[in-house]
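Please read it alongside the sequence and the structure.

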Amino acid sequence: MYLKEGCSLLLKIHKPTRPLVLSSNPNLVPSLNPKPQTEPTQPILKESEVFQRLKHEPQLGLALEYFRSISNSRAFKHTQLTYTAMIEKLGSQCEMDGVQYLMHQMKLEGVSCSEDLFISVVKAYRRAGLAEQALKVFYRIREFGCKPSVKIYNHLLDALLCENRFRMINPVYVNMKKDGMVPNVFTYNILLKALCKNDRVDGAHKLLVEMSKKGCCPDTVSYTTVVSALCRLGKVDEARELACKFEPNVAVYNALVNGLCKEFKFEEALVLLVEMADKGLDPNVITYSTVISSLSDMRNVESALAVLAKMFVRGCRPNIHTFTSLIKGYFMEGRVSEALDLWNRMVCEGFEPNVVAYTTVIHGLCSVGNMRKAISVLHEMQKKGCSPNVTTYSTLIDGFAKAGNLVRASETWNNMMDCGCRPNVIAYTCMVDVLCRKYMFNQAQCLLENMTAEGCPPNIVTFNTFIKGLCEGGEVDWAVKVLNKMRDNGSLPNITTYNELLYGLFKVNRFKEAFGLVREIHDKGLKLNLVTYNTILNGFCRAGMTNETMQVFGDMLKCGTKPDTITYNILIYFFCKQGRIESAIQLFNSTGAAKEWCPDVITYTSLLWGICSSIGLDEAMVYLHKMISEASLLSYGMAKPEDYLLSVTLNNIWLQRLVHWASLEDAHRSIGSLRKSHMLCPLALC
């Protein structure tokens, strides 16, 4: 995709192609220099020699050439053992055409297939993500001189489970019982995992009962599977009740601790750690890391460090996941230097960072805009032989997008493609955001079309990102067309989609269409969120629709959506603009006294502007001193530059009104007050 001079975007993965190792010839791989074959009087090679050579040959191509050459020379007739070695080697690299060919050759030569070999074939299909093909081969099992067994059925069920082919699992299980096979504990555990994976916990409970009735006692894996599913679904109490029916092990406690942490019940989770110790069970690194990770995610690093200390006291050594969680927590709290310090100490202690750890640090650095350091960590990662994954690249693309650096974002995308790393929907969405930020909507559209062509269709977030970019760029008609395309693709718009479109329509004063969209939201039964209410309120205020504005505000309160600072700023500015200063002051005083929100610089700017315009200086002075006494954010210590610029705006508005209404002496007195409170910058006097 062409972006601009010297900058283009790759849409195809550049990956070295692998030559075809098998042909359709009767010979497995035809020799480039065929030589006349002689008939040996007797086999020269022993089975054990051929097997060892095939098993220990690291290069697939050489192993295959050796396999073919000795077969064509007739120095050796391949046996079940040598076929097994070659098929397993092909299967380990997902060369399924080769596996199928050799299975066919075995059948032609009358070499029977053993149970272990057939299991190897099923495992190869599983590894290649071709569970359905494994099922088709299984239905022909007797053609290969092999009979179904419980072990083979278990591996087949496991292959289907890996791809969550839930609808195929039950028929195979029924067929298994028809074949006279008695399911064992491994069979039941696979079925339990399938049920729990699909949130069918009630069915899993029934299966536990069936196991006991059939004389197959559930083991630790059985109970842990169900307990973990219950915790994942937020049914921690049921999980604990089930855990009381057997002697829980560490894995079960880990599942319970994880469930409690997800519900932010950290005290109960810590009680479980004590309970484990009382029962003679030592919490392991997973137990502690689960608690540390949850506390870090809640931006409570200090408590997480206390758990780490307890971990050391118990003699449990932390792992890379433990430290990664703490580093993430530091970054979330904005404690960048401490995060990097912990990272350096971790590396010095001999912990080898993995791709998740590196990506966590890169994400933390990108979140604070330190792209140079993020790239430095990426280079260090590659130097240590740890390949970045799609999440790593997506994080960097997003970081460069937020920094407004299209060229580096595009270069990162191209590096990802060159490395053979297939972009996922998140990576595509980040790149769409990059293009939209630079108003390159045609290129973004092209990228969306490429997603579908590459078998990675855009999701609701991708569409919303594109619609947001279009609306911010004033391309509202285009955004509406994208909405219609979403519906055609079967991707239903959500409330975020409508929020972006409402913003776009109100921005260009297309009120009639915006009001129609509001009706559509209600007709579809979508629940309005805070952003929706604020967008609609702002739109109605822009249109001067007082009654409708107050009705929406009333609906907002009735539905239990708590207004925020933006909501009150919209209403206060609206009242001031209409000259309804009393209403603005009343709203400010009543909600402020109730501590429902915290007025910011925009609030005071609107209010002071309105009071100066409609009432007079004395009343405005009351609110100016209120702002000073409450130590508002209007100071040189502000965290964000935009707040400082807004304070300059406030000062200029105030001084202009002051000079207009009062004497120069009064103006100088007010300037002195502002200077003492560090609220007045020199620019205010320009």
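1. Helices (H or I, at least four residues) and strands (E, at least two) are DSSP runs, numbered from the N terminus. Helix H34, residues 617–629, contains Val-622. This is a predicted model, in which local features need pLDDT of at least 70 and side-chain atom pairs count only at pLDDT 80 or more, while totals for chains, interfaces and linings use all residues. Residues are numbered from 1 along each chain as its sequence is written, and side-chain values use heavy atoms, with hydrogens and water left out.

2. Overall composition. The protein has 36 helices and two strands. Of its 686 residues, 47% count as buried (under 20% relative accessible area, with exposed meaning over 50% and partly exposed in between; 1.4 Å probe, protein chains only). Contact is taken as heavy atoms within 4.5 Å. Among contacts between residues at least 6 apart in sequence, 62% join residues at least 24 apart.

3. Val-622. With a relative accessibility of 49%, Val-622 counts as partly exposed. Its C-alpha atom is separated by 9.8 Å from that of Leu-608, 14 residues away along the chain.

4. Helix H13. The expected span of a helix is 1.5 Å times one less than its number of residues. For the 13 residues of H13 (residues 250–262) this gives 18 Å, and the end C-alpha atoms are 18 Å apart, which agrees. H13 is largely enclosed by the rest of the structure, because 10 of its 13 residues are buried. Among them are Val-250, Tyr-253, Asn-254, Leu-256, Val-257 and Cys-261. The buried residues of H13 pack against helices H11 (220–232), H12 (236–243), H14 (266–278) and H15 (285–297).

5. The ends of H13. At the start of H13, a side-chain oxygen of Asn-249 comes to within 3.2 Å of the backbone nitrogen of Ala-251. Just after H13, Phe-264 adopts a positive phi of about 60°.

6. Ser-289. Helix H15 also holds Ser-289, which counts as buried at 2% relative accessibility. Leaving aside neighbours within four places in sequence, Ser-289 is in contact with Asn-319, His-321 and Thr-322.

7. Positive phi in two loops. Asn-164 is found in the loop between helix H7 (150–162) and helix H8 (166–178). Its phi is near 55°, a positive value in a residue other than glycine, and at 32% relative accessibility Asn-164 counts as partly exposed. Arg-299 lies in the loop between H15 and helix H16 (301–313). The phi of Arg-299 is near 60°, again positive in a residue other than glycine; at 52% relative accessibility, Arg-299 counts as exposed.

8. The pair H28 and H29. How do helices H28 (residues 511–523) and H29 (residues 530–542) pack, and at what angle? The angle is about 150°, with the axes 11 Å apart; axes are lines fitted to C-alpha atoms, for helices over the stretch in contact, and angles run from 0 to 180 degrees between N-to-C directions. Phe-511, Phe-515, Val-518 and Ile-521 of H28 meet Thr-532, Ile-536, Gly-539, Phe-540 and Arg-542 of H29. These contact residues divide into six nonpolar, two polar and one charged. Here Ala, Val, Leu, Ile, Met, Phe, Trp, Tyr, Cys and Pro count as nonpolar, Asp, Glu, Lys and Arg as charged, and the others, Gly among them, as polar.

Technical notes. Polar contact = N/O pair within 3.5 Å; in protein donor to acceptor, adjacent residues only side chain to side chain.
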